[in-house]
Structure formats: C-alpha cells, structure tokens
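This report takes the model from the whole complex down to single side chains. Please keep the sequence and the 3D view open while reading.

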Amino acid sequence: MRKITNRAFSVLLIAALVIAGMAVYVLRYIDHGQEWALYFSRANTGSTGHMVDRNGITLAYFSGANNLFSPDRETRIANYHVTGDYWGRTGTGLLSRFWKDTNDFSLLTGTTHSSDKLLQLTIDARLNNKIYEALGEDCDGCMLVCNYRTGELLGMVSVPSTDPIDGNAELREGTFINRCISASFTPGSIFKLITASAAIENLKNLDKRTWYCEDGVKIAGVEITCIADHYTQTFEQALANSCNVAFAQIAVELGQERMIRYVRDYGFLDGHSLDGIPTAAGSYPLEFVGDPETGWSGIGQSTDMVVPYSMLRFLCAVANGGTLIEPHLLLGETPEASVLVKPATADKLGQMMNYNAVSHYNAEEMFPGMTVCAKTGTAELGDGDSHSWFVGYLADEETPYAFVTLVERGGFGITRAGAVASEVMQWAVENLEP
Amino acid sequence: MKKTGGLSDTILALSKYVLILLSIALIVRCIRSMLSEHYEPEVWGYLRHGNDNFPLTHWENLIGRALNADVRLVDPGVSRVHAVLRRGSRGTWRVYDIFSKGGVWIGQAKAGPGGLAVADGDVINVGGQRLRFRAVTPEKWEKLESKRTSAGRRVSPAVTLLELTVFQLFLLLQHAMSAKAEDLKAIALAWVALIALEWLCYNAMRFLNRSGFEIETLAFYLTTLGMSVVASSVPGDMLKQLVLTIAAVLLFLLLGLWLRKLERAVAARFTVAVVSLLLMGLNILFSDAVLGARNWLNFAGFSFQPSELVKVGFIYVGASTLDKVFRRRDLYTFILFSAFCVVSLALIGDFGTALIFFITFLVISYLRSGSIATVLLAVAGAAMAGFLAVSVKPYIARRFATWGHVWEDVYGAGFQQTRAISAAAAGGLYGKGAGAGWLKGIFAANTDMVFALIWEEQGLIIGIIMVAAMLTLAFFAVRTARQGRSAFYSIAACAAMSMLLVQLSMNVFGSLDLLPFTGVTFPFVSKGGTSLLSSWMMMAFIKSADNRRDASFAVRAQLEDKDDGREDNPDDWR
C-alpha cells in the first residue's frame, strides 16, 4: 500500500498549483483591482450623477440602477460620441470616465459609490445638434469646433451615430468610432499648411520667389499633376491656388527629413490625451522614399494620414499666435499651454489662410461678418473618390473658434465640407455665448 | 437592485461579515478535524519475522525488498515486489505471488495466480524467509479499536453543521433583500429543504453510529454557494436545483453504501466501464451542440451531460486493488478505456472535459504504475495528447489566442473574461451581497465564471474559502489514503480529488485569464445538474477511504463484517 500512497503526492502537486495560481491572481488583483473594477460603467454601485453641457443641458444622468440620457433623441444622437453609452460600446465616451469619477475603489470593499457628482462639459449640445444636422445623418464624417483662446472644445460630432438608449438600432459600419479622435484620413491639400509652415521657416526670400505651374511637373522623371494650370504664382498665391506643382517642389526642396521633423513636432504622428481619452496617431512616410514621393507627401497624398483632432490642435495653435491651449472637455479645467508653432510663422500662415478665404473661398458669402482663415482639402483616395476637408478658424476676438470639417468621400473640399463649415460657423457666431 | 432603506443596508453590511466569519469558522473546524487531528491506523493482523513483528495496517499489504513495501524484508532471496497479503471483507486472508523469483509457499502449497488461503498461525515462506501470520481476533480488534481516535471526538460535527446552518440563514436573508417578491417563495423553500436535508443526513449518520461528517459539511457548504448562484442568476430554476441536490445526495449515499463491500465494488468495475462507454457512445450519436461542444443530451425535459457521469465511472474503473495493480492486463484495459473516453470527448468537441480526463488519467497511471509500465504509459499518454492537439477545433484555437490578451478585445473574444475579472474586482474582500452583482446577467456567469460571480457577491474571502474547501478535501484524501484498507479506495479517493482540483483550476483560472478559457464547471457551485450529481458522487469515494474510527457510513466496522458468519469467496476477487 505504501508504494501507492507514497505516490499520492501527485495530488498535492496539483493542490500546490491551485494555491500558486490563487496567489498569483491575488497579487495581480492588488496591482490592477481598481483598473479592472472600474472598467465597465454598467458596474455602477449606485452612484448618482449628472453630466451636462456648458449650458446645463442634460446629456446623461446616472441614477444608480441605469443610465439615462437627454430626453431629446436628436441631442442623444448628436452627442453620442461625447457621452458613450450604457454598454460601453464606444470606447471613448465620457460615461466610463464619469463612472470612474463617481465611484471609489478599495481592495477591501471593492467599488463603493461616492456622493452625487455634477460633471459639466465644455461641449455645447445645441452646437453638436447643429453640426449633426449640417453633416446629415447619411454621410460619413465629423466636425470639431474649439475655442482656441481657452481650449474649450465646443463641438465634437462623428457621423454615423446612434441613439445610446436604443440597443437594437441598425448600425452602419464604424458607428462606434469617434472619427474626430479615433481615426486618421488622407489629408490632401490641408496638409499644405504644414509644408507652408516649414517653408516659411526654412526657405530664404520666400516672398520674392515664384513657382511656375503648367501641365504638372516632373520630379526625377515622375509626373505630379495639378488640378489646373496656375502659371507664375507667388508663395501666397500658390497656397490659395492649392497648387500641387509648387508645394511638391517646396517639399522636395525642404527634404523628407525636415518634413518629418515638422510633422512630428506639430504632433501629427502622436496620439494625444483628451481629458484622459486617448486619441489616435497619424502617419507620414518615415522611411526614405525619394524625391517624387516626398513631393506627393508634401501635398497630403502618399501615405500621409491625419487625425482630425491633431489638425485641430495645430489650427488652435496657429490661431492663438503659436501657443496651443490644450483642448479639453471638462469645464473649469486649467489646460496646459505650450508653444507649438513659432509666433512669426503662425502670423504669416494666418495671413495666408485669410487670403485664401477672401480671394478663393468666397468668404464674404460663406462666412459673412467673420474674419475667416481657412484651407480646403480634396484628398484623392486613388479610386476616383476624394475626402472633402475644410479647416480653419475665425480671427475675431468675440468668436475665437477653430474648426475641422471632414466629409469622407465628399468630393471637393469647398463644396461639401466648406458648406457644412459655413452653415455651422454662421450658427455658432450667432448663437454661442461670447 | 431594489431600493432599500437604512436599516436593511445595515443588515446587509452586517450579514456580509457574519457570512465571512461563519465561513472561516467552518473551514477552520473542518481543517482541524480532518487534517491536524492525529488518527491511528487500523491493525488487521501481524506478520512475525524473527524478532520483527510487522503490524498489518491495510487489507492489502505488499511484502518485498522494495523500500516502500509494507512488510520490508531485506534479503537477496526476496524480490522487490514479492507478494501481496490480502484480507477479504469477511476476515479471511490470502497471499498472492506477484513477480517473485523465489515463490510463495505455505507448507508444501505454492501460491498460484488465485492466491493461497492463510490462516491464523500459518507460516508463509517468502523467498526463503519465514513469516508467521497472526490474525487479530474480534476481541483483540475491539480492544485496539477502542484506543483509536474517533472522528469528531475533539471537533464536534454537530457544531460545524450548526455553523453551516446559520451561514445558510444569513445567506437567505441577503437573498430576501435582493430577490424579486415572486421568486422569494421558491428560494426560501429551497433553503429550508436544503437545511432539512443536511440535518437528515447528519442524523442518519448518528443512527449508523458514525461521527465523521466533515466531508458532507464541506460539500453542503459548496452546494449552498451553488444554490445562491442559482437564486441570483436564474431564480426560476430554484426548485429544479433543489430536486437535483436531493438526487445528488441520494446518489452519494447509494454509491457510498455500494462501496462498503470491496469485493462487490471491485467486481462491478467491468459493468461500470461498459455503462460508461455506452454513455459516451450515446453522447456521440445523439447529442446537441451547445456552443461548439456537443456534450448535451436532452431527455424528458432535462438536459444532461453524459460526460459528467462518465467522470465517476472513470475514477471507478481507474481504481484497483493492490494485487491487480501489478498485473499488466488490468492496466492495458484501463489505458484502452481512457483512450476511448478522451478521444470521444475530443470528437464531440468538449476540449475542457477531455483535458480533465487526460490529466486524471496521468494521475491514476502514476498512482498505479510500477516500473514496467511507465514507458508504455508515457507512450499512450503522448499519443492521446497528440490526438488532442490535432483535434483542437478553430473555436478552441481562438480561445488559446485570446489567452492572456482578454483586455485587448473587451467587446469581442475577451467579452466574458473581462467582465468576470471586472465584476470580481468590484466585489472586494466582502462582496456586494447575494443577488446584488451585475455579472449574473452575463452569459455563463453561473457556470463557467461562477468563481467571479461568488467573488462579486460574497467577496474574495469566501471565494478563497470555496477553493480552500476543495483543497481541504484533497489533502484529506491524500492523508486518509495512507491508512486505506484497499488500494482501490485509496486510488479512487486521490484520483477523484485530482479530477475535481483540475476541474476547479480550469474553471477559476480560465475565467480569470490565467489559463485558456475552456468552459468547465466548478464542482458543486456551478449551475448544472449533472455536474452537481458527479461532484457529490465523487465524495462517496472519499467517504469510502475514510477509515478513521466510526467515521464513515461507507466503511464497514469490523463487527459488522461478522454478522452473516459467511466465509469470503475467493472467486469474488479474481
């Protein structure tokens, strides 16, 4: 018998593994318990709290048993990507952040609720409604509006959206993605703003130089085409013409390495944190690609990808004399400030963007009474379609708003995204509190 | 969660601590009684060799030169594994020649494969060494027995059971505060019936003059947690769970009583093997696929998993008496049987259960194997493992791919585990209270992720005690196996606990992403009737190995043997 019972320690071996496994897990729990416990907002312990927009309009309401939202369907849908939903289907909604703020955790007691909490956002729910209406529910696109003096994010809408209280709604692909912060797109001509900035700081006698555009241009034997023949043009005119020939040559002259430095310094290659919500990173050819590709990348084609939010940060800095007041969502926060663009560069670029708007974009009609500085983008996708971009800001002290508008496969920048921006900004100037 | 006032909040908070304290008290009492108390072995006879007097503490005693022989004779004429001296249930003894060179003789008679009867005073010649056998007379036996420590002498089982009862009442109180009014009646009924059942069992034990009730108490404790899981997640199934619990306890009692008589139990191994194979066959032919694994049979409104019952059969067939352990034919049969079970489970796609069987197979083989068979076993084992690997289905492969990365796909492949981990963490040490969690709404929370559900509602401490209860049973099985009467009981007890521990770790660590998520049940606690039945039946194996004085109803006392006055039939134990 002893021969057999001596072998019974194999059972103890299994028992030892069970004990070791439990020990390992308890240690992990001590390390990560809080992070795990507060991950799902549906795990609410009974906290009550209220999420409102900058004017006190209810966006979401925690009642302990469940999450309620605005009674107005349109408001719920337009603000969906800001709030998120009860199921946590969009990973970047504020409800999960809100849940973490209103619940405490300790290893002993697990999650417990703290007192009622009011979370007031910088968002203007009515503005979001307006943006949603202007974009239209059938498009794929997004728009951001930000006060560049304070960093307060006023509008953030991504389409397609859905009603957060309707778990059974038919969903279009990408509904849960907030295009403003979580996706990157081919930028097309809006990228010329970055190339222009680099040129302003690096090319001598820029204002005296001219570029000639007829039947495109050959760079190292590769042809780069342009939408029209612009013939002889100054630097300022080249940006207003959005001339591919000029900007491809400028990018080549600046060189790929220097272009990369600017793209990186302006924050286009990194993800950022919007009040703890991570944003996506963009891309730019980082491996050596040669002159023709450098030319293409300088005009926002090639493998360039830009996250709308990153473009907004750049515009806010340019509009604010080069100093970026970090955009944020929670009202009353003191945001970080940093110099993103050299003040002289920002001023020069701002003037050029204003010239664009006035000379080429029919600013008087599209943005009546506003000092608008803007750039269009028509990003060719290689399949005949183009993303339609319209980005810029109002250089008025009363209405210091920067904006980024994107309509995926929307065609020409000015006609589709430009129209949306025009409609929204007119409404904003009239209706937003100064 | 229902809106509750200040008073009920206080009661809820207090009840949490009471439940934890009672659980700790209960497990500590069981550990003291089962693991730290000293229990003397039974003595069934003596072998006198020169000046040495070897007490025979088992019914099966190995005589040989081996270091771990029960009667060790250091002499070149004695083989390492020479003979087995075996006692029958009715007190007659036989000696078997195992692999000896020198042979085994009594007088002029040589022991053949059928063994040789040994009477009190006989001299057994083992490879030239003379051993005089002295049987223990009933009078002497009684005297020896009275000196042994009886189970429950220092740690009263009634008090432990009373603690469990109070635990159950407080748990019921928590459910009363969280459950819907229409479910409360069924929950209360189930609770009262469970308490009545355990006290009925206890009194039946007392009636049979037995005082060991720790195994049942721990099993009832775990069953209570299982009931709580059902009350939280599917209160509509409360009465079904109650019926299954009663059935499980009945099967436990029946199997325990059946195992009392060794010859009968051993002789039935072949039948059990055949029935098990039939069940597996039925499973392959008529099962419904549920989430990839076709391990469910629907029968008269009840769905059951044949593989759960085959687990019991597997342990039963895997156990063997000492004289048979050394015979190859017996081993080959078991290998074939195991291979069939594992391959069948792999075929129906129940990878988790196949793995449990496979690991248990390794444990049993290790417990049984002498040096000859090791190579063969390794080969068979490797072949089965290979088959498992080949038969891995895409959905299992996906689970392996997810392993360790569940947080990277919270809304896809990691859906269940991340929620289990999060809800468990939210429970802290004390839990949210019965029925007050949110995990119960997630698919399979009451089966595959039951540890997280208990942790969320009752806290980590009770979760750990739940695991500790199973560990206590395992340690006890190992401890009591050392004094086992027959290798059959010792192997069965150890193998049963190995199987349950493997199952437990796959359940707990699978749901918490320490192991791949295979979707097996936590013994006793996971909802699922067949699993509950098999868990309880496993306890019968431990009861049958528990030969502390007057401890187990599944072990016959010496005096009970004498009742019918018959002789052992040598044919019984071929």
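A residue counts as buried under 20% relative accessible area, as exposed over 50%, and as partly exposed in between. A:Asp383 has a relative accessible area of 48%, so A:Asp383 is partly exposed. The model is predicted.

## Confidence

The predictor gives the complex an ipTM of 0.92. The pTM is 0.77. Chain B has a mean pLDDT of 87. In chain B, 89% of the residues reach 70 or more. Where pLDDT is low, the predicted coordinates should not be read in detail.

## Chain A overall

Chain A has 434 residues, and 58% of them count as buried. Its secondary structure comprises 16 helices and 19 strands. Along the principal axes, the C-alpha atoms of chain A fill a box of roughly 100 × 60 × 40 Å. Take the contacts in chain A with a separation of 6 or more: 65% of them join residues 24 or more positions apart.

## The interface

How many residues of chain B are in contact with chain A? The number is 62, and they meet 41 residues of chain A. The two chains bury about 4300 Å² between them. Carbon and sulfur atoms carry 72% of that area. Several elements of chain B give two or more residues to the side that touches chain A: strand S3 (60-64), helix H10 (322-325), helix H12 (351-368), helix H15 (415-427), helix H16 (450-481) and helix H17 (487-511). H17(B) gives the most, with eleven residues. By residue type, this side of chain B divides into 41 nonpolar, 13 polar and eight charged residues.

Salt bridges between chain B and chain A number zero. Polar contacts do occur there: ten residue pairs are found across the interface, with both residues at pLDDT 80 or more.

## Salt bridges

Over all chains, the structure holds 28 salt bridges.

| A:Glu423 | A:Lys130 | 3.3 Å |

Start with the side chains of A:Lys130 and A:Glu423, which meet in a salt bridge. This pair links distant parts of the chain, 293 residues apart. A:Lys130 sits in helix H6 (residues 125-135) of chain A, and A:Glu423 in helix H16 (residues 417-431) of chain A. A:Glu423 is partly exposed because its relative accessible area is 31%.

A:Glu253 is partly exposed, with a relative accessible area of 40%. A:Arg209 also counts as partly exposed, at 26% relative accessibility.

A:Arg409 has a relative accessible area of 46%, so A:Arg409 is partly exposed.

Salt bridges also form a network in chain A, linking A:Asp140, A:Arg172, A:Arg179 and A:Glu408.

## Two buried residues

A:Thr75 lies in helix H3 (residues 73-78) of chain A. Its relative accessibility is 6%, so A:Thr75 counts as buried. Which side chain makes a polar contact with the side chain of A:Thr75? The partner is A:Asn129, at 3.2 Å. Beyond its neighbours within four places in sequence, A:Thr75 is in contact with A:Leu59, A:Ser70, A:Ala125 and A:Asn129.

A:Leu349 is found in helix H14 (residues 343-360) of chain A. A:Leu349 counts as buried because its relative accessibility is 0%. Leaving aside neighbours within four places in sequence, its contacts are A:Leu193, A:Ala196, A:Ser197, A:Ile200, A:Phe314 and A:Val318. A:His360 is eleven residues from A:Leu349 along the chain, and their C-alpha atoms are separated by 16 Å.

How values were computed: Residues are numbered from 1 along each chain as its sequence is written. Chains are lettered from A and ligands numbered from 1 in the order in which they are written. Side-chain values use heavy atoms; hydrogens and water are left out. Contact means heavy atoms within 4.5 Å. Buried area is the accessible area (1.4 Å probe) that two parts lose on being put together, summed over both. A salt bridge is a side-chain nitrogen of Lys or Arg within 4 Å of a carboxyl oxygen of Asp or Glu. A polar contact is a pair of N or O atoms within 3.5 Å; within protein, one must be able to donate a hydrogen and the other to accept it, and residues adjacent in sequence count only if both atoms are side-chain atoms. Helices (H or I, at least four residues) and strands (E, at least two) are DSSP runs, numbered from the N terminus. Ala, Val, Leu, Ile, Met, Phe, Trp, Tyr, Cys and Pro count as nonpolar, Asp, Glu, Lys and Arg as charged, and the others, Gly among them, as polar. pLDDT is the predictor's confidence in each residue, from 0 to 100. Buried means under 20% relative accessible area, exposed over 50%, partly exposed in between (1.4 Å probe, protein chains only).
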